[in-house]
Amino acid sequence: MATPRPSTVVSPGRHRFLSGLADLGMNFAVAIGGIFMILPFVWMVSASFKTTTEIFRPATLLPSSFNLNNYLDLFTRWPFAQWFTNSLIVAGATTMAVLFFCSLAGFAFSKYRFRGRKQLFFGLLGSAMIPFPILVIPLFVIVSNLGWTNSMVALIVPFMAPAIGIFLMKQYMEYVPQEMLDSSRMDGASEFRIYAQIVLPIVGPGLATLAIITFLNSWNSFLWPLVVVRREVSMTLPVGMANMLTAVSAGSARPYGPAMAAATLVCIPTVAVFLLVQRYYIAGIASGAVK
Amino acid sequence: MVPRKLSSRLPRFILLLLVTGLVAIVVAACGGAADEQTEGEVTIEMWTHDALYIQYFEKRVAGLNEQNDDLNITLVAEEMPDPITSFVSAYIARENLPDMIGVEQGEFPILMEDDVVADVLVDLTDRIGDRYSDFVEGRWALYTHDDRIYGVESALSAVAYYYQPAIFEEHGLDIPTTWDEYVAVGRELGAEGISIGVADNMASGLFGMMFLQRGGQYFDEDANLVFGEGRNREYAVEVLNTIRELLDEGALFVVYGDEFWGSTIPTAFSEGRLAGIIMPDWYNTSLLQPGVEDMAGEWRVGPMPLWDDPDAHTTSVWGGTGFAITQASEHQEIVWEIIDDGYMSLDGQLDRYATIGFFPTKYEALAHPDIVDVEHAFYGGQNIGQVISDVALDTPPLWQSPARASFNSALGDTLVPFIDGDISAEELVDEVVRITEQDAGL
Amino acid sequence: MATSDVTVHRDGRLTRATLTPYTFIAPAYGLFFAFMLGPALFAIAISFFRWGGLRPPEFIGIANYQRIIADDVFWISVRNTITYSASSLFVVMPLALLLAIALNSPTLRMKTFWRAVYFAPIVTSTVAISQTFLMLFSREFGLINITLMRMGVEPLDWLGSRALARIPVIIVIIWRWTGLTSIYFLAGLQGIPADLYDAAQVDGANRLLQFWHITLPQLRPMTLFVSVIVLIGSLQVFDEPQILTGGGPANATRSVVQYLYLRGIEQFRFGYAATIGFILFVSIFLLSMVQMGVFQKKTS
């Protein structure tokens with residue numbers, strides 16, 4: 001942003017003019033950047049409607065006609081529906097498990113005083129420092145020995161209780177008033193009942209945030225599924241899509257059109273849903289950072 | 001106030017998500033019910049990296065089923081990028097393994113390490129028996145470890161020159177038959193902005209083909225690295241300097257990495273910027289024809305240019321896939337029957353060429369009318385089988401080694417700075433040897 | 001278990017209440033031991049072995065570590081990863097800060113629309129978007145080269161040249177991560193008390209001065225936090241170069257995690273790959289410590 005000369009004393013007219021200029025510059029810069037952000041989406045959707053010849057020859061931003069063959073191909077030449085289902089199951093199940101285990105542990109850490117509470121909590125939090133790549137090899141060995149490769153279990157179970165989720169739920173639960181818990185204890189409610197029927201509903205927004213973050217992470221995850229899934233029927237969307245372009249399928253040109261159709265079907269729904277619920281996501285990211 | 005129900009406060013989409021997840025899990029659980037087989041019915045699972053093999057074996061299996069009343073084979077084939085990597089992975093995980101697997105020759109060294117191959121694949125040496133000498137000998141070496149053979153080759157993989165005659169005619173040039181001519185013609189075309197061939201950074205690519213043709217070997221028959229020694233070193237330097245000269249004349253179209261298999265080369269062909277390419281027999285059906293479908297009739301096949309040395313080969317070799325039986329298979333005899341029928345018999349060898357275009361490896365098929373008398377419309381009615389058949393007996397072998405994976409990546413990685421002009425031919429050889437030795441025993 | 005600081009409930013259910021919290025954290029802790037701490041320790045152990053998964057592991061002491069020091073490709077991958085991290089710290093972060101300021105500014109038009117535009121990349125699959133950029137950067141038919149040609153510039157071999165291939169990777173990183181990073185800064189900006197600006201306004205400080213003397217210092221803790229997570233994330237780059245270039249040409253774009261994947265998963269050298277993983281872990285740990293140290297010194 002170009003605000004020239006940082007002088008403290010400026011005439012009101014001049015100030016307004018400079019300020020207006022800065023605003024103009026800012027709006028312009030945001031628009032230019034915005035075009036850069038949108039362009040790949042436009043290209044992705046556009047290429048998904050192009051024929052192979054159209055993709056390879058003159059690069060135009062828009063397709064000459066809306067040809068649905070790439071989408072048909074996607075469902076006939078590749079098990080795309082299967083990949084989609086796999087991704088949905090993996091992301092859905094992971095999310096449910098994360099919501100349950102993290103909220104349960106978060107509840108314990110926020111609403112009980114017990115020996116070793118602090119140490120146990122920071123121990124868990126410290127695990128967020130372990131970068132995933134160091135776990136790739138040992139987890140692969142473990143998962144192999146459990147016979148979990150090429151199964152969704154391997155994509156779900158190791159990620160069911162992330163430290164960051166427990167942290168997030170603990171933060172939300174701190175705000176649940178203690179009196180509420182005490183009064184229902186007086187009514188004879190069990191501890192689990194208190195958790196499930198009193199605390200959980202109150203932290204709904206927190207659960208929503210955690211659900212979105214978890215679902216998206218799982219939905220887009222690539223490295224780990226690439227490691228454990230090799231059979232086409234067991235693939236999730238990112239692995240299947242990567243496979244579409246890397247498999248040197250003799251006898252046919254690279255399927256860029258279907259790949260872009262796949263990309264469109266993978267991205268557009270998530271973007272659409274995300275835009276509807278982004279306040280939860282942003283709240284989650286922000287709360288993780290502020291606290 | 002304490003809300004009574006959980007759902008009253010949860011955002012609706014979370015519920016939706018939970019329901020979707022649950023439904024999905026139920027659906028998944030209800031899925032895979034195992035189907036039982038009656039006697040005489042056998043399911044053979046096959047893994048390969050190339051759909052053409054699936055096409056061919058499905059056809060042959062249908063034929064076998066028809067011939068034998070008491071046999072009903074169902075071939076369940078799966079195409080995957082690196083079958084051997086997936087196979088080892090599945091083996092470690094004690095997962096279901098296929099009965100039959102296409103071992104891409106570049107992947108075979110993975111199994112040579114620590115003699116793993118003997119544990120996972122069936123030794124075919126005795127099954128092949130005397131018929132060993134009915135086939136081009138070099139094609140066995142690719143799947144041989146400790147003198148035992150584990151795979152039967154799918155294609156001769158002999159090398160030829162695929163070119164567009166119109167481009168040469170237009171510039172009044174003859175098709176080069178020796179490497180000297182190739183450089184000279186390349187120079188003329190290069191001056192016009194047209195490339196005569198393709199340079200790549202794959203170990204088996206242009207350099208590999210020229211080097212093997214010249215008479216070089218990376219490893220000796222006992223799998224020791226000999227690339228940097230004696231004549232191999234001289235040949236490597238000679239080949240590299242020829243490539244250097246071509247590059248300096250602007251005669252080669254440089255393509256790195258995966259782009260080689262993509263649309264880059266076909267596009268350059270159809271725009272007339274690239275006159276031809278030196279590639280093995282399988283290039284015809286697997287990449288060239290599908291890549292430039294609309295150029296039918298505009299192509300020809302000629303022999304690979306020759307070295308000025310009678311000891312050099314007249315052709316070269318790149319690739320191959322050996323079909324193998326896995327130790328895990330409960331139907332090893334039936335898998336052998338499929339391989340024997342499809343790959344070892346004369347009928348199979350001819351049918352394979354007719355169906356998927358992969359060149360025979362059996363001597364009696366090499367000059368068979370079904371191979372050499374077939375006119376190909378894509379090549380303007382040329383008998384392209386004859387071109388390959390003429391040089392087939394001279395196809396060089398390629399000795400394998402457990403170190404070949406390391407060697408290949410070292411060579412591929414070092415070819416880039418060489419082609420870019422940053423290192424000399426001698427430096428390339430030294431570097432490749434150094435990296436390969438460093439990697440040994442990792 | 002007798003504890004002194006446990007809450008005694010009015011109905012006197014002491015024992016159950018004491019055990020309850022442990023029961024509640026038990027599943028999370030079980031998973032943590034089985035799939036985080038256990039494997040992490042296992043990884044360190046594996047790094048002292050030569051092991052391909054098919055034969056029993058063979059103890060080789062620190063041989064893997066000695067080899068890695070002499071492994072050119074490893075060091076190339078380290079250099080590439082540093083390039084990606086540097087781009088994230090010095091390009092993505094400043095851009096994200098500017099974006100956050102713009103999105104927070106009352107004078108930005110169509111704010112909801114621009115938020116949507118800049119935040120949408122956060123949720124797109126890295127594979128899908130890398131494949132899209134793969135096409136955009138294609139040498140023969142990519143929109144970028146076609147545009148260059150129309151402007152009279154020679155087309156470039158973006159993904160095939162050792163000098164250029166990191167650029168598309170970095171561009172995808174910028175595209176994918178700027179929006180997410182700006183959310184942190186937005187949260188930081190919204191946490192700055194408005195009366196600080198009011199006071200500055202009264203003093204007649206213009207916006208640049210306000211930015212320099214109020215916004216930046218107030219954002220310092222957030223900047224520290226963001227830089228740590230950006231660094232940790234960028235040192236683990238995998239998806240983008242894997243899809244765009246597969247690490248090539250000649251390792252020019254290969255990241256450390258890609259190298260780990262290559263050695264461990266494609267070549268079945270578990271011991272060596274575990275060594276790479278351990279070195280990555282130690283570097284991330286040390287770098288985050290240094291970073292926090294530097295920032296704390298500056299802040300105090």
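The model is predicted: local features need pLDDT of at least 70, side-chain atom pairs count only at pLDDT 80 or more, and totals for chains, interfaces and linings use all residues. Residues are numbered from 1 along each chain as its sequence is written, chains are lettered from A and ligands numbered from 1 in the order in which they are written, and side-chain values use heavy atoms, without hydrogens and water.

**Chain A**

Chain A has 14 helices and 0 strands. Helices (H or I, at least four residues) and strands (E, at least two) are DSSP runs, numbered from the N terminus. Of its 291 residues, 59% count as buried. Buried means under 20% relative accessible area, exposed over 50%, and partly exposed in between, with a 1.4 Å probe and protein chains only.

The domain assignment of chain A gives domain 1 (17-67) and domain 2 (70-290); such bounds come from an automatic or database assignment. The centres of domain 1 and domain 2 of chain A, taken over C-alpha atoms, are separated by 32 Å. Across the boundary, 10 residues of domain 1 of chain A are in contact with 13 residues of domain 2 of chain A. Contact means heavy atoms within 4.5 Å. Among contacts in chain A between residues at least 6 apart in sequence, 71% join residues at least 24 apart.

**Helix α20 of chain B**

Helix α20(B) holds 15 residues (425-439). At 1.5 Å a residue, α20(B) should span 21 Å, and its end C-alpha atoms are 21 Å apart, which agrees. The expected span is 1.5 Å times one less than the number of residues. The buried residues of α20(B) include B:Ala425, B:Leu428, B:Val432 and B:Asp439. Seen down the axis, the buried residues of α20(B) fall within an arc of 170°, so they line one face of the helix. The arc is that of the directions from the helix axis to the C-beta atoms. Their cover includes α11 (230-248) and α19 (404-419) of chain B, together with α2 (63-69) and α11 (256-266) of chain C. B:Gly441 follows α20(B), and its phi is positive, near 75°.

**Strands of chain B**

An open sheet of 3 strands runs in the order β10-β7-β11 (chain B), with antiparallel pairing. Its edge strands are β10 (276-280) and β11 (300-303) of chain B. Two strands pair if DSSP finds at least two bridges between them. Two pairs of chain B compare as follows.

| Strand pair | Bridges | Direction |
|---|---|---|
| β7(B) (159-163) and β11(B) | 4 bridges | antiparallel |
| β8(B) and β9(B) (252-255) | 4 bridges | parallel |

B:Tyr161 has B:Gly302 as its bridge partner in β11(B).

B:Arg352 sits in helix α15 (346-356) of chain B. B:Arg352 is buried, with a relative accessible area of 0%. Beyond its neighbours within four places in sequence, its contacts include B:Tyr56, B:Glu153 and B:Phe358. B:Lys59 lies 293 residues from B:Arg352 in sequence, yet 9.9 Å away in space, C-alpha to C-alpha.

C:Gln242 belongs to helix α10 (239-244) of chain C. C:Gln242 is buried at a relative accessible area of 19%. Leaving aside neighbours within four places in sequence, C:Gln242 is in contact with A:Phe222, C:Gln258 and C:Tyr261.
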